[in-house]
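Let's take a friendly walk through a protein model. Have the sequence and the 3D view ready.

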Amino acid sequence: MNLTDRVVVITGGAGGIGAALGRRFAAEGAAAVVLADLAADAARAAAAAIGPVASGVGLDVTDEAAVRALVEETERRHGRIDLFCANAGVATGGGIDAPDADWERAWQVNVLGHLHSARAVLPGMLGRGQGHLLLTCSAAGLLTAVGDAPYTATKHAAAGLAEWLAITYRDAGIRVSALCPQGVDTPMLADGLAEGHLGARVIAASGTILTPDQVADAVIAGLAEERFLILPHPEVADYARRRAEDPDGWQAGLRKLVRKLRAAGR
């Protein structure tokens, strides 16, 4: 996909990866960039920083009617949506004993948020015979977010949904990409580290922490090549291969890392 003159919607667009995508898409010549976020004021501020091509709106991705209304309004104003980035996500830092409300919130945002987006935007894309869906699934969708059971389970579900969409709609002209970064310098990671969440500490100890702008660079390259898996951390492909080839060894390695972090009091 060439972003020139494209109409793009990004959920979770107020900051982090979402805002970085908005900035980069605008720089690439997008005709319109809509940043949607539960934090409406922050979304509008991020759009204002980008310039007149961008707009910010409030959106709860767990509200299917609201997602559909956003899609309809964007299509009314701009005629179409070329790229929909379902980027909103939440972490919990909890295990299986996390409150049911945390499990439900993770499911609603990390999985159903993607589903609501696909249901709303696909009819228009299918009618034109073209369009691109980008789902932010995290490296956790291919591996495991140690220390965060709800995030792991729901991101695996998100990656499965992305693959299903790619298989089902590719021959109808729809491209689907799963964005799976590992450690990114976002409030989600910073908050997790501040609260001492094991998953955040494992991420910080596992490799390079990219900036959101570096992730946006990887997305531009991945979209141009119409890749399904967009891996800002290339090593994630090696990790996934090792995990598939030797799951027992892979799990043993992660357990060793966890023991090391706990022994160091980190």
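Which residues in α7 meet residues in α10? This is a predicted model, and in it L198, R201, V202, A205 and S206 of α7 meet L257, V258, L261 and R262 of α10. By type, the residues of this contact divide into six nonpolar, one polar and two charged.

Two packed helices are described by the angle between their axes and the distance between the axes. Here, the axes of α7 (residues 198-206) and α10 (residues 247-263) come within 11 Å and cross at roughly 105 degrees. Because angles of 65 to 115 degrees count as roughly perpendicular, α7 is roughly perpendicular to α10.

## A look at helix α1

Helix α1 covers residues 16-27, which makes 12 residues. From its first C-alpha to its last, α1 reaches 17 Å, close to the 16 Å expected at 1.5 Å a residue. The buried residues in α1 are I17, G18, A19, A20, L21, G22 and F25. After α1 comes G29, with a positive phi near 100 degrees.

In soluble globular proteins, nonpolar side chains tend to be buried together. In this model, the largest nonpolar core has 45 residues, and F84, L133, L135, C137, L165 and V176 have the most contacts inside it. Helix α5 (residues 149-169) gives the largest share of this core, seven residues.

Now find C137: leaving aside neighbours within four places in sequence, C137 is in contact with K155, A158, A159, A162, A178, L179 and C180.

Methods
Residues are numbered from 1 along each chain as its sequence is written. This is a predicted model: local features need pLDDT of at least 70, side-chain atom pairs count only at pLDDT 80 or more; totals for chains, interfaces and linings use all residues. Side-chain values use heavy atoms; hydrogens and water are left out. Axes are lines fitted to C-alpha atoms, for helices over the stretch in contact, and angles run from 0 to 180 degrees between N-to-C directions. Helices (H or I, at least four residues) and strands (E, at least two) are DSSP runs, numbered from the N terminus. Angles under 35 degrees count as roughly parallel, over 145 as roughly antiparallel, 65 to 115 as roughly perpendicular and the rest as oblique. Contact means heavy atoms within 4.5 Å. Ala, Val, Leu, Ile, Met, Phe, Trp, Tyr, Cys and Pro count as nonpolar, Asp, Glu, Lys and Arg as charged, and the others, Gly among them, as polar. The expected span of a helix is 1.5 Å times one less than its number of residues. Buried means under 20% relative accessible area, exposed over 50%, partly exposed in between (1.4 Å probe, protein chains only). A nonpolar core is a set of buried Ala, Val, Leu, Ile, Met, Phe, Trp, Tyr and Cys residues joined through side-chain atoms within 4.5 Å.
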